[in-house]
Each structure stands twice: as structure tokens, then as C-alpha cells.
Amino acid sequence: MHSLGTGTSAPRKAKSESDSGALKTNRKEDRAPAKSPLVRPFVERRRGRPFEHAWHEALETVHRLLVRYEEANQNLIEAAESYRSFFENAPIGIFRASADGAPLLVNGAMAKLCGYASTEQMLAQVPHLDEHVFAERGQWQSLFRRIQENGTLYGFETEVKILDGTTKWVLLNVCPVREGRKIVHVEGTAEDITDRKKSEERIRQLAYYDVVTGLPNRPLFEERLAEAIAGAEPANQRVALLLLELDRFKMINDSLGKVFGDRLLQEIAQRIRTVLDGEITIARLGGAEFAIILPDVKAISDVQQVVRWLLTAVSAEFSFLGHSFNVSSTMGISMFPEHGRDGHILMERADVAMYSAKEKGANEFQFFSEGINHQIRERLRLENDLRLALERNELFLVYQPQIDTRTGDVSGLEALLRWQHPEIGLIPPNDFIGVAESTGLIVPIGEWVLRTACAQARKWQDAGLPAVPVAVNVSAIQLRQPGFCELICRILKETGLNPKYLELELTEGLLMTNVDVMFTLIQDLRALGVKLTIDDFGTGYSSLNYLRQFKVNRLKIDRSFVREVPVNADDAAITTAIINMAKALNLDVLAEGVENVEQLDFLRAQNCFEIQGYYFSKPMAVDQIEKKLQSSFVH
Ligand code: C2E
Ligand code: MG
Ligand code: MG
């Protein structure tokens with residue numbers, strides 16, 4: 001039996017396990033108490049073992065236990081210290097707050113984030129996060145509600161007040177600490193995301209706001225317009241979309257520089273803001289185009305009133321960067337819901353209205369209507385087709401003879417442009433030169449006219465026909481192109497036409513704008529040997545002084561005077577005066593639009609012998625001109 005073993009006196013230190021096994025007997029006195037080393041000496045003594053030995057063993061055990069306890073305690077202290085240091089030195093704010101938002105514990109980073117020198121200072125001075133830390137009141141409640149509903153809250157971004165009065169953006173991650181179902185407090189981290197927010201704001205600013213004026217740009221404007229429409233629809237309200245464009249802004253920008261152009265746009269933005277209520281959306285769509293949304297329009301007359309105020313404000317004198325000047329603008333307006341129920345359509349329609357207003361002139365406005373829509377569409381179609389006209393060879397020239405009435409011979413030919421449109425048919429120049437000018441297409445078209453007319457003149461000469469000058473109409477836009485003189489030179493060289501057989505017809509208005517530039521250009525052209533004529537003379541505002549300086553070769557009396565000479569004394573007097581003036585200035589003179597013998601007789605009586613008009617010949621196709629030239633010189 002196990003009890004036999006217990007009778008030996010040998011120390012049983014190493015056998016304590018089996019001893020305890022041996023103690024697992026059913027004997028009452030050998031049970032549990034014997035397991036403890038501390039009571040073992042007494043047990044041993046009872047069993048007859050030496051007391052000292054057992055006592056020593058017990059003391060050793062106590063010592064061992066004390067060492068172990070000491071070690072465990074030390075580990076605990078170290079762990080606590082490590083967590084405390086981790087909490088205190090964490091680079092991110094850590095906090096604990098009561099369920100109603102009172103801070104209970106904050107670390108150094110949290111205190112620093114909120115502008116406090118220490119955690120103690122923060123805890124002492126901040127009784128409540130909502131009142132003292134969150135920039136917007138009620139933030140704590142909304143944060144707490146979300147924790148209640150969804151548990152841990154990640155990525156809650158909010159603005160906080162800093163002790164120095166500034167604000168910062170922080171990102172909070174907060175979790176609830178519960179007792180049962182009840183949240184007793186919350187714990188979380190707070191990270192300073194102010195820099196990130198600033199760059200996001202900057203990106204947003206760049207994406208949605210115009211850099212020059214600070215106004216919303218086109219994408220933001222479109223969003224706001226969609227919102228305005230969405231809000232107006234259920235409320236049965238009307239919305240007006242106003243587009244305002246400065247006239248000739250490109251010219252101002254090109255001639256006075258970008259700094260000046262930008263300043264002008266800023267001033268305009270400021271004037272528009274002054275006219276309108278602070279809540280109204282004003283945007284810069286690009287270039288010199290601004291857009292405005294007028295919500296809840298009660299009457300069209302209210303819109304008209306605002307439009308007039310805006311046009312007046314923009315047209316008032318500007319004075320900055322050493323310049324005083326005026327600019328004009330034009331406005332196009334479309335209305336929700338009558339002109340469209342969708343932002344894009346309203347924009348398109350306000351644009352169409354603007355286009356039409358521009359045709360009316362400076363400081364004009366136009367509401368959209370189906371009528372102008374049709375007109376503008378036709379015009380846009382013409383523009384598009386004109387772009388293709390050159391490539392498709394739809395343009396051609398006719399030539400109208402000019403007659404020297406003293407001999408009856410053809411003294412010159414005027415090249416006149418025609419457009420054979422595939423659907424519309426023959427289009428006269430007055431119907432498309434304006435479009436060509438406003439789109440800039442006049443530049444390539446004009447070059448084609450010059451080259452074709454010069455080549456044709458040379459061809460007739462090569463065919464042995466009498467050499468006469470060919471006159472080509474030149475638009476102001478062509479003339480203002482840099483290198484115009486070089487272009488003429490090149491064309492003459494390419495076609496082999498002697499410069500004296502090329503005559504350029506310019507208009508008075510063209511010469512009178514930019515006089516200095518024109519003066520030099522005319523000198524250069526004259527130096528080339530080409531002839532220069534002022535077309536439609538009498539309809540513009542030539543100054544006699546300039547006329548003397550410009551040294552053109554001849555004047556063409558406008559047909560509006562010629563038409564009336566037999567019946568209208570004033571026109572007769574003007575025509576006579578022009579003829580005499582030309583003679584006095586040693587200029588040739590030609591009368592255009594001569595249709596009948598009365599006009600011819602009158603002009604001849606005034607010593608004007610060069611005539612162009614239906615009386616002698618309408619503009620003719622190339623092959624007819626050949627016959628005309630041949631017959632004209634056979635006397
Ligand atoms: P313009 O240069 O004054 O040309 C004279 C216009 O008067 C021509 O009209 C001609 O056909 C017309 N005409 C000539 N004699 C008579 C007459 O006895 N009675 C009437 N009622 N009309 C007469 P067209 O060809 O229709 O040209 C109109 C205008 O278009 C031209 O006026 C010119 O300013 C412009 N144009 C024509 N071709 C060109 C071109 O190649 N380039 C540019 N820039 N303008 C051009
Ligand atoms: Mg002409
Ligand atoms: Mg003319």
C-alpha cells in the first residue's frame with residue numbers, strides 16, 4: 001500500500017510529486033492540508049520526520065514563492081509603465097470621454113492638437129468637447145448617435161477650435177466602452193488632417209473655381225444650374241439663365257497684355273457682384289463669358305431690369321494700370337421652363353440668344369426665341385458650310401469690266417467672289433463675307449481670291465489678250481494679318497503677274513482705324529508696285545488730310561451716290577465734289593454702279609471717264625471676259 005512509503009525517513013524533496021500522489025489516500029488526516037509545503041513540517045513531524053528539515057524546506061518554498069510574486073509584480077509594473085509611455089508619447093491624439101462628451105483622459109498629442117500646453121491644462125479647461133473643442137455645436141451628439149447606432153465610428157472628420165482661436169481639421173476613430181448594453185464612455189484617436197484638408201480644398205478650388213476671378217467655373221456653374229432647376233420644378237418657379245460676354249476682349253488681352261486682361265475680368269466680376277444679391281450664382285465660364293442664375297423669377301420685366309443694370313455697370317468707365325477706357329458687353333437670356341427644362345439646353349439657348357444680341361450691337365441683350373433659333377441655326381450652318389467651301393471648290397470668281405468711256409475699252413476688271421452652295425444655290429458675297437470675317441475664314445478665302453485673280457490675269461496675258469489690271473477686294477481682317485505685304489509679294493512671284501496689274505480695293509473705314517499701321521502698310525504695298533484704290537468712297541469718314549498722306553492711286557465713288565445723280569441734287573453735288581477732289585489730289589477716279597445713260601452723261605460732264613456698272617457689263621464668267629477683252633480692243 002502507498003502508506004508503506006511514508007514510513008521511511010529519507011528526505012523526499014525530489015519525490016514531492018509522488019508524495020503528494022501518496023497523500024491522495026482516503027485517509028482523512030492525509031488529505032488536502034498535506035499538499036501545502038507550509039504545513040508540511042507539521043505533517044512530517046506527526047509522521048516522525050525531523051522537524052527542522054521540514055521547516056527548512058518550507059522556508060525555501062516561501063522564498064521561492066516570494067521571488068515569483070516579486071517577478072510577476074515587476075512584470076506588471078513594467079507593462080503598465082510601457083502602456084503609459086505608449087499612451088503619453090503616442091504621436092496621435094488619444095482620449096477617453098464620458099457619454100455626454102466630457103473629456104476624462106487625454107494624452108499629450110491630444111492636448112497639443114487642441115493647443116494646450118499639457119494634458120492637465122486641457123482637462124482643467126475643457127469641461128465639454130462639444131462646447132470647447134468642436135468648432136460646430138452639436139457635433140458630439142451626432143458623433144455619439146452614430147456610435148450608438150453602429151458601434152465603432154471610423155473616419156469621422158470634424159473641425160476643432162484651437163486655444164489660439166484658429167481651427168484645425170481632425171479625423172476621429174471612436175469606439176464605445178459598454179457596461180452591459182449601456183455606453184459608459186467612449187475612447188478614440190484624433191489625427192490632425194488640416195494639411196490634407198487644405199490640399200483637398202485647393203484641388204476643389206482649382207477644379208471648381210476660376211483662378212482669375214475666384215468665381216465658380218463652368219463645371220460648378222452647371223451643377224448649380226441643375227440644382228436651381230431641380231428646386232424650381234416642384235415649387236413651380238421660373239429661373240433665368242443670363243450669359244454676359246465682353247465685346248472685343250481678345251483684342252484687349254492681345255494688345256494690352258494678360259495682366260491687364262485679368263485685371264479687367266476681376267473688375268467686371270466685382271461689378272456684377274455689386275449689382276446682384278450675395279446668394280445669386282455668378283460664374284466665369286471661360287474667356288470673357290460670365291453666367292448668372294436668377295432664381296424664382298416673378299416677371300420677365302424683373303429680369304430685363306437686372307440685365308439693364310448689369311450692362312450699365314459693365315459699360316461704365318474703367319480706370320486702372322494707367323488706362324481709362326470703356327468696354328461694352330452683350331447678353332443672352334434663356335428661361336426655365338419655357339425655353340428648356342434641362343441645364344444644357346438652357347445654356348445652348350442662352351448662347352443662341354447671345355449670338356443674336358451680338359448682331360444687334362454693343363450693350364444689347366436678347367431673350368431666346370424660336371425665331372432667332374432658326375436664324376442662328378441657318379447662320380451656323382452657313383459658317384460650317386463655308387469652312388468646307390474652299391476644299392470642295394464651291395467658290396469661284398466673276399469679273400466685272402471697268403470701261404474707259406473715252407475709248408470704250410476695258411481699262412480694268414474687278415474680281416468678285418461667288419459661292420455655288422450645293423443646296424442653297426448661288427450665294428452673293430454680301431450674304432457670306434460677314435460670316436467669313438467673323439469666323440476668320442476670310443483669311444484663307446481672301447488668299448485664294450488673290451491667288452486665283454492674279455493667276456487668271458496672267459493667264460489672259462499669256463493667251464495674248466490685252467493686259468489690264470485686275471482689282472481684288474481686300475477685307476480689313478486680311479490687311480491686319482501680319483505679313484500681308486509678304487503674302488502679296490509671294491503670290492505675285494508665284495503667278496508671275498507684274499505688280500502693276502494688281503489693284504487692291506480697300507475701304508475708308510479700314511484705313512482710318514489704326515492709321516499709323518495702315519500708313520506703313522500702304523507705303524510698303526506701293527513700293528511693291530501694286531495699285532491701291534479706296535472702294536465705296538463717300539460712305540466712310542475719310543479725313544482729307546489722311547487722304548493726302550495715304551497716297552492711294554484712285555477713288556471709287558460709291559454707287560449709292562451714282563444711283564441718284566440725275567435726280568438728287570445733293571448726290572450730284574457730292575459726286576462732283578469727289579471727282580474734283582480726286583483731280584486736285586492727283587488721284588484717278590472711277591464711278592461704280594452706272595446703270596443708265598443719264599448717270600453716264602452726268603459723270604462724263606464732270607470729267608469722270610472711268611465707269612463700272614451694269615450699263616456696260618454685269619460681272620462675267622472667265623470665258624465671257626475673254627471675249628469681252630478681245631472685242632473691246634478691236635476698233
Ligand atoms: P464692291 O466691291 O463695291 O463691288 C461692287 C458691287 O456692286 C458688286 O456686287 C457688283 O456686282 C455690284 N455692281 C456693279 N455694278 C452695278 C450696277 O450697275 N448696279 C448694281 N445694283 N450693282 C452693281 P457683288 O459682286 O455682289 O459684291 C458685293 C460686295 O461684296 C463688293 O462690293 C465687295 O465689297 C464684296 N466682295 C465681293 N468679292 C469680294 C472678295 O473677294 N473679297 C472681299 N473681301 N469682298 C468682296
Ligand atoms: Mg470693290
Ligand atoms: Mg464698291
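Two exercises on the ligand sites of a predicted model follow. Local features need pLDDT of at least 70 and side-chain atom pairs pLDDT 80 or more, while totals for chains, interfaces and linings use all residues. Residues are numbered from 1 along each chain, ligands from 1 in the order written, and side-chain values use heavy atoms, without hydrogens and water.

**Exercise 1.** Describe the residues that surround ligand 1.

Solution.
- Step 1: the shell holds 22 residues (a heavy atom within 4 Å of the ligand); Arg-418, Asn-473, Asp-535, Glu-595 and Tyr-614 are the closest.
- Step 2: by class, eight are nonpolar, six polar and eight charged (Ala, Val, Leu, Ile, Met, Phe, Trp, Tyr, Cys and Pro count as nonpolar, Asp, Glu, Lys and Arg as charged, the others as polar).
- Step 3: a polar side-chain atom of Glu-595 is 2.5 Å from a nitrogen atom of ligand 1, and an N or O atom in the side chain of Asp-536 is 3.1 Å from a ligand oxygen.
- Step 4: ligand 1 alone exposes 790 Å², of which the protein buries 87% (Shrake-Rupley, 1.4 Å probe).

**Exercise 2.** Identify the donors of the magnesium ion (ligand 2).

Solution.
- Step 1: the donors (N, O and S atoms within 2.8 Å of the metal, or 3.2 Å for Na, K and Ca; water is absent, so sites may look incomplete) come from Glu-414, Asn-473, Glu-505 and Asp-535, at 2.0 to 2.2 Å.
- Step 2: along the chain their spacing reads E-x58-N-x31-E-x29-D.
- Step 3: Asp-535 also bridges to the magnesium ion (ligand 3), 4.0 Å from ligand 2.
- Step 4: Glu-505 is buried at 1% relative accessible area, whereas Asn-473 is partly exposed at 30% (buried is under 20%, exposed over 50%, partly exposed in between; 1.4 Å probe, protein chains only).

Technical notes
A polar contact is a pair of N or O atoms within 3.5 Å; within protein, one must be able to donate a hydrogen and the other to accept it, and residues adjacent in sequence count only if both atoms are side-chain atoms.
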